[in-house]
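The sequence and the structure are shown first, and the description follows.

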Amino acid sequence: MRVAVIGGGFSGEAFERALTERGAEVVRLSRATGFDVLTDDAAASIGEADAIIEATGHFTTSRKVAVDFFTRSARNVATAAGKLGAKHVLLSIVNCHLPLAMEYGYFAGKAEQERVAREEGTNLTIVRSTQWFEYPRQNLERMKFGPIALVPAMTIQPVAVDAVAGVLAEVALGSRGGDVVEVAGPGTTTLWDMTKPLENKGAAPVPLPIPGAMGKAFRDGLLTPGPDAVIAGPAYGEWLARQA
């Protein structure tokens with residue numbers, strides 16, 4: 001089978017590894033390869049494929065920017081999947097579609113991406129992941145203000161990107177079905193507890209209780225998965241020790 005992965009960075013590399021380990025031929029499209037999911041013809045760039053994994057990303061806290069990017073991405077990929085007769089596998093975030101989660105601009109964009117993919121596609125599976133083990137480090141970089149970095153208070157059930165890659169590959173290759181598949185790691189923790197053991201933080205972490213109903217929901221576990229989620233991969237502490 002031939003699978004196209006749209007999205008770059010370390011996650012794209014993980015997805016390619018998982019697919020090739022299962023015998024798939026992989027083509028990757030991203031900004032690094034000169035492909036723009038907002039403007040380029042995805043079907044023409046792919047050529048042919050049995051499945052397309054949409055793993056596009058654009059970090060922003062602006063609802064307007066996130067919705068614009070993710071809806072255009074979904075529309076382009078759904079159109080390409082229809083033209084090629086390919087399965088559309090959309091990587092999303094656990095519970096991003098819930099009203100309180102959508103108060104955060106990035107999650108609102110992901111929820112709209114799901115909606116457009118459903119409306120414009122016919123052969124779609126949404127794979128919703130919890131936050132990845134790399135998230136604490138990314139948060140320190142994104143939320144750095146001079147000598148400090150803000151760490152939002154949230155309870156999460158993080159997962160290794162390689163575990164997510166395995167589930168995506170199974171869906172793309174047809175060995176795992178369903179309209180929506182959730183995947184999470186084996187343990188529940190907080191972003192603060194994940195941040196504390198990191199070495200070379202680059203800034204002093206400062207806990208940030210998010211105000212309002214959304215903040216309370218994040219602290220109470222809004223972003224943790226349901227009982228039917230696939231639990232995969234190592235625990236965070238084990239993964240962190242391997243990185244060291």
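**The main sheet**

Seven strands make up an open sheet, arranged in the order 2-1-3-4-5-9-12 with parallel pairing. At its edges lie strand 2 (25-29) and strand 12 (230-231), each of which pairs on one side only. The model is a predicted one. In general, the strands of a sheet pair through backbone hydrogen bonds, in either a parallel or an antiparallel manner.

Strand 4 (residues 87-93) and strand 5 (residues 124-129) run parallel and are joined by six bridges. Leu 91 has Val 127 in strand 5 as its bridge partner.

Helices pack on the sheet as well. Helix 1 (residues 9-21) touches strand 1 (2-6), strand 2, strand 3 (51-54) and strand 4, and its direction makes an angle of about 165° with that of strand 2. Helix 3 (residues 63-84) also packs on the sheet, where it touches strand 1, strand 3 and strand 4; the angle between its direction and that of strand 3 is about 175°.

**The nonpolar cores**

The largest nonpolar core holds 73 residues, of which Phe 15, Leu 19, Ile 52 and Ile 53 touch the most other members. Helix 6 (residues 161-173) gives the most to this core, contributing nine residues. Which residues does Ile 52 contact, if neighbours within four places in sequence are left aside? Among them are Ala 4, Ile 6, Ile 46, Val 77, Leu 84, His 88 and Val 89. There is also a second, separate core of six residues, which includes Ala 74, Val 116, Ala 117 and Leu 124.

Thr 71 belongs to helix 3. Its relative accessibility is 10%, so Thr 71 counts as buried. Apart from neighbours within four places in sequence, Thr 71 is in contact with Glu 112, Gln 113 and Val 116.

**Aromatic residues**

The count of aromatic pairs is 10.

| Aromatic pair | Centre to centre | Angle between planes |
|---|---|---|
| Phe 70 and Tyr 106 | 5.3 Å | 90° |
| Tyr 104 and Phe 107 | 5.1 Å | 80° |

Over the ring of Phe 59 sits the charged end of Arg 142, 4.1 Å from the ring centre.

**Strand 7 and its partners**

Strand 7 (residues 148-152) is mostly covered, with four of its five residues buried. Strand 7 pairs with strand 6 (residues 144-145) in the antiparallel sense over two bridges, and Lys 144 has Ala 149 in strand 7 as its bridge partner. Strand 6 and strand 7 form a hairpin with two residues between them, and Gly 146 in the turn has a positive phi of about 65°.

The pairing of strand 7 with strand 11 (residues 204-208) is parallel and extends over five bridges. There, Ile 148 has Ala 204 in strand 11 as its bridge partner.

Note on methods: Residues numbered from 1 in each chain as written. Predicted model: local features only at pLDDT ≥ 70, side-chain atom pairs only at ≥ 80, totals over all residues. Heavy atoms only, no water. Pairing = 2+ DSSP bridges. Contact = heavy atoms within 4.5 Å. Axes fitted to C-alpha atoms, helices over the stretch in contact; angles between N-to-C directions. Phe/Tyr/Trp six-rings, centres within 6.5 Å; stacked < 30°, edge-to-face > 60°. Lys NZ or Arg CZ within 6 Å of the ring centre and 35° of its normal. Core = buried A, V, L, I, M, F, W, Y, C linked by side-chain atoms within 4.5 Å. Buried < 20%, exposed > 50% of the residue type's maximum accessible area, 1.4 Å probe, protein only.
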